[in-house]
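Dear colleague,

Please find below the structure I promised to hand over, followed by an account of what was found in it.

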Amino acid sequence: MAVDDFNGDGNPDLVVSSRLTSTATVLLGDGNGNLGTPTNFLVATGPVGVLSADYNRDGKRDFLTLNGNAATISIFFGNGKTFQVETGLPVPTRADQLILADFNEDGIPDIATANSGIDSTNGNTASVLIRKKGAGLINEDVIRVGTNPLSLLSGDFNHDGHQDLVVANSGIPNFIGTGTLSIILGNGDGTFQTPSTFKIIQPPGNFARSPRFVTAADFNQDGNLDVVACTDDAKGPSFLPGDGKGSFDKPTLISLGSDCLQVESADFNRDGKADLLIRIPPDPFLINLSVLVALGNGDGTFTRPRVLTRDDVFGFAIGDLNNDGIPDLVLTEPSATKTLLGDGEGNFVSQGFFPGPGVTLFHNSLIPAIGDFNGDGFPDVAIADEFDQITDIVLGDGTLQHVLQLYAGAGNESAALVAGDLNGDGKTDLALSGLDPRIGKGVVAQLINNTRK
């Protein structure tokens, strides 16, 4: 603990760090030996000490915590009355995925999360956090969807000019075919219509498949957004052609001979047709996790998937790392980050490995975020470290530099993150999902970029 006069009333106050809850607690004194109501602040994992001083020389007292497990320092600047407002936004559970989209069309990106969990109290929802300039929160809309939602995406699926949501509900664990897709049409003002449900029915026996990850593009070039969903089918993901009215036509199988865990789309060979990048789970014949590429034919079909790597891969992201206009790849592997540069013909060349988070036991994915965080014109990479509850940022110089910066995470078990300009200042920020140990519910933390231009 540390003693200081944080509110400038001449009375000593206390700030106490708690290693088990990853919090710092401020208790204001009244000068008579009494302490006021505790105010808790989330810090990185395992704080083992706390210090106070005027760190930014504004005449107000600040404090910092020394976070042993995360190997970071969390700094809280005071304004003479309280401390910087926490940027944590509440959600029902720790989100497995979060995305950015402008749902109320004010030019400021909003946040949507898939809140997994089969209990009806906290999980089985999607949260939409409508934000304002300056990173503040206007409204939170919690939408009931299907069982155990793991993934979501946004797009205009009914041609009304407004952003809609598609949520992949994976269903009851170990019960094949209990999942659905929830289609939630947006009104353009941050509100949404009642979700509709779509089951992925495929032969043999018109069997329902449970989606666990979704991506969208106009794969058949008919002007409507389509979806490709990873499902519990051991044969491969499903292609669902959009009907342009907010639903989908009959799905078809993309043959893999394996289940899939993650799928994303981009034009890897620059032919104007959307291609797929697919991550598959462990296989007794392939030994490790693998990432495959399937080039699109422009009619909703794809070429035979080709293996890019057989390393253990826990997540990937697509971006142009060297600014040559060709999509490149970032793969997260045990304690390492790997980059693959595209050649514009659907092939990729490894650029080596860099330090990264260790293996995660709690999530089946560790998806990085790509953005220019230091403002030098080159994309950088951020990864949520679930174990240490920190954020790893590897700076890019056309590939990736061997430079690692650590920032606080989003409470316990930071699971997912996404990059974007959250406060409209032209800098790339981060939003992370995690678990607030003080209340046992989910939280979305915002890391606002203060890099000087």
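Which residues lie nearest the centre of the second largest pocket, and how many residues line it? Please bear in mind that the model is a predicted one. The lining comprises 28 residues, and those nearest the centre are Gln97, Ile99, Glu264, Ile367 and Val418. The volume of this second largest pocket is about 620 Å³. By residue class, its lining consists of 21 nonpolar, five polar and two charged residues. Several strands contribute at least two lining residues each, namely β9 (95-101), β13 (149-155), β19, β23, β27, β31 (369-371) and β35 (412-420).

Strand β27, one of those contributors, also belongs to an open sheet of four strands, whose order is β27-β28-β29-β30 and whose pairing is antiparallel. The edges of the sheet are β27 (315-319) and β30 (348-355), each of which pairs on one side only. From one strand to the next, the twist averages 20 degrees. Between β27 and β28 (residues 328-333) there are five bridges, in the antiparallel sense. Within this pairing, Phe316 has Leu331 of β28 as its bridge partner.

A further open sheet, again of four strands with antiparallel pairing, has the order β1-β2-β3-β4. Here β1 and β4 (39-42) are the edge strands, each pairing on one side only. With direction ignored, neighbouring strands of this sheet are turned against each other by 20 degrees on average. Strand β3 (residues 23-27) runs antiparallel to β4 and is joined to β4 by four bridges. In β4, Leu42 stands opposite Thr23.

I turn now to the salt bridges, of which the count is three.

The side chains of Arg61 and Asp4 form one of them, at 2.9 Å from N to O. This pair links distant parts of the chain: Asp4 is in strand β1 (residues 2-4), while Arg61 is in the loop between β5 (47-53) and β6 (62-67), 57 residues apart.

Another salt bridge joins the side chains of Arg212 and Asp259, with an N to O distance of 3.3 Å. Its partners also come from distant parts of the chain, 47 residues apart: Arg212 belongs to strand β19 (residues 211-217) and Asp259 to the loop between β22 (252-253) and β23 (262-266). The relative accessibility of Arg212 is 21%, so Arg212 counts as partly exposed. Asp259, with a relative accessible area of 15%, is buried. The two residues fall on either side of the cut-off, because buried means under 20% relative accessible area.

The remaining pair is Asp311 and Lys338, whose side chains meet at 2.9 Å, N to O. Asp311 is partly exposed, with a relative accessible area of 26%, while Lys338 is buried, at 8%.

With kind regards

Notes. Residues are numbered from 1 along each chain as its sequence is written. This is a predicted model: local features need pLDDT of at least 70, side-chain atom pairs count only at pLDDT 80 or more; totals for chains, interfaces and linings use all residues. Side-chain values use heavy atoms; hydrogens and water are left out. Two strands pair if DSSP finds at least two bridges between them. Axes are lines fitted to C-alpha atoms, for helices over the stretch in contact, and angles run from 0 to 180 degrees between N-to-C directions. A salt bridge is a side-chain nitrogen of Lys or Arg within 4 Å of a carboxyl oxygen of Asp or Glu. Buried means under 20% relative accessible area, exposed over 50%, partly exposed in between (1.4 Å probe, protein chains only). On a 1 Å grid over the protein atoms alone, a cavity is a set of points where a 1.4 Å probe fits but cannot get out, and a pocket is an open set with protein on both sides within 12 Å along at least five of seven lines; lining residues have an atom within 4 Å of a point. Grid points are joined across faces, edges and corners, and a volume is the space filled by probe spheres set on the points. Ala, Val, Leu, Ile, Met, Phe, Trp, Tyr, Cys and Pro count as nonpolar, Asp, Glu, Lys and Arg as charged, and the others, Gly among them, as polar.
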